[in-house]
Amino acid sequence: MSGLSLGDLVFYLVAGVTIISAAGVAFSPNIVYSAFSLMGTFMGVAGLYVLLAADFVAVIQVLIYVGGIMVLMIFAVMLTHRIADVRISNRSVGRLPALIVVACIAGVMAKAVLNTTWHSVAPGTPAPSTYAIGNGLLGDYILPFELASMVLLAALIGAVVLSRKELRDE
């Protein structure tokens, strides 16, 4: 432990929280607990972004995923009209094949990490990245940005149409 700095310890702590939360998502038998574990995973990923000096991505991760999507998922689970009649759960079927696949992937990744010659680079001075990203989104990349917003709007309208059709069938 003498070679670890405080930054290394914080990284391992945040990575551990992220991995444990991700395991909670995969293995929790209750979908509400899975949703809360997913929120912990998103927060852990945001913490990793902060450690990588990607401040804008970290803030967007918290605002969009934790603040928006997770709240929406939790409300959707809680406000399901047949939640009292139907047992909603994450069945977690196929754990043994999944563990075998995960063990194989972990083995390949461990072999790649151990066989790679790592080059260390001195860290630069942290600087906010929001100014450059704002200029890029509203300057050079305005057309892809607007096209992405139109695609997201079309997906939102499609989801509303599909959900209304489902209500009429009942």
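Some ground rules come before the tour. Because this is a predicted model, local features need pLDDT of at least 70 and side-chain atom pairs count only at pLDDT 80 or more, while totals for chains, interfaces and linings use all residues. Residues are numbered from 1 along each chain as its sequence is written, and side-chain values use heavy atoms, with hydrogens and water left out.

Let's start with the big picture. The protein has six helices and zero strands, and along the sequence that reads α-α-α-α-α-α. Helices (H or I, at least four residues) and strands (E, at least two) are DSSP runs, numbered from the N terminus. Of the 170 residues, 14% count as buried; buried means under 20% relative accessible area, exposed over 50%, and partly exposed in between (1.4 Å probe, protein chains only). The protein exposes about 13,200 Å², with carbon and sulfur atoms supplying 74% of it; accessible areas come from the Shrake-Rupley method with a 1.4 Å probe, and for residues only the protein chains shown count as cover. Take the contacts (heavy atoms within 4.5 Å) with a separation of 6 or more: residues 24 or more positions apart account for 59% of them.

Now look at helix H2, residues 31–51, where you'll find threonine 41. Threonine 41 has a relative accessible area of 11%, so it is buried. Leaving aside neighbours within four places in sequence, threonine 41 is in contact with Thr18, Ser21, Ala22 and Val25. Leucine 13 and glycine 44 are 31 residues apart in sequence, yet 9.4 Å apart in space, C-alpha to C-alpha. Leucine 13 itself counts as exposed because its relative accessibility is 58%.

Next come the aromatics. A search of the whole structure finds two aromatic pairs. In the pair of phenylalanine 11 and tyrosine 12, the ring centres are 5.5 Å apart and the planes sit at 65 degrees, so the pair is edge-to-face. The other pair, phenylalanine 42 with tyrosine 65, is tilted, at 5.0 Å centre to centre and 45 degrees between the planes. That pair links distant parts of the chain, since phenylalanine 42 is in helix H2 and tyrosine 65 is in helix H3 (residues 55–78), 23 residues apart. For reference, rings of Phe, Tyr and Trp (its six-membered ring) pair if their centres lie within 6.5 Å; planes under 30 degrees apart count as stacked, over 60 as edge-to-face and the rest as tilted. Phenylalanine 42 is buried at 16% relative accessibility, whereas tyrosine 65 is partly exposed at 35%.

Between H2 and H3, stop at alanine 53 in the loop. Its phi is near 65 degrees, a positive value in a residue other than glycine. Alanine 53 counts as partly exposed, at 47% relative accessibility.

Last stop: helix H1 (6–27) and helix H4 (95–115) each supply at least two residues of the lining of the second largest pocket. H4 gives the most, with four residues. The whole lining is Ile19, Ala26, Phe27, Ala98, Leu99, Val102 and Met109. A pocket, on a 1 Å grid over the protein atoms alone, is an open set of points where a 1.4 Å probe fits, with protein on both sides within 12 Å along at least five of seven lines; lining residues have an atom within 4 Å of a point.
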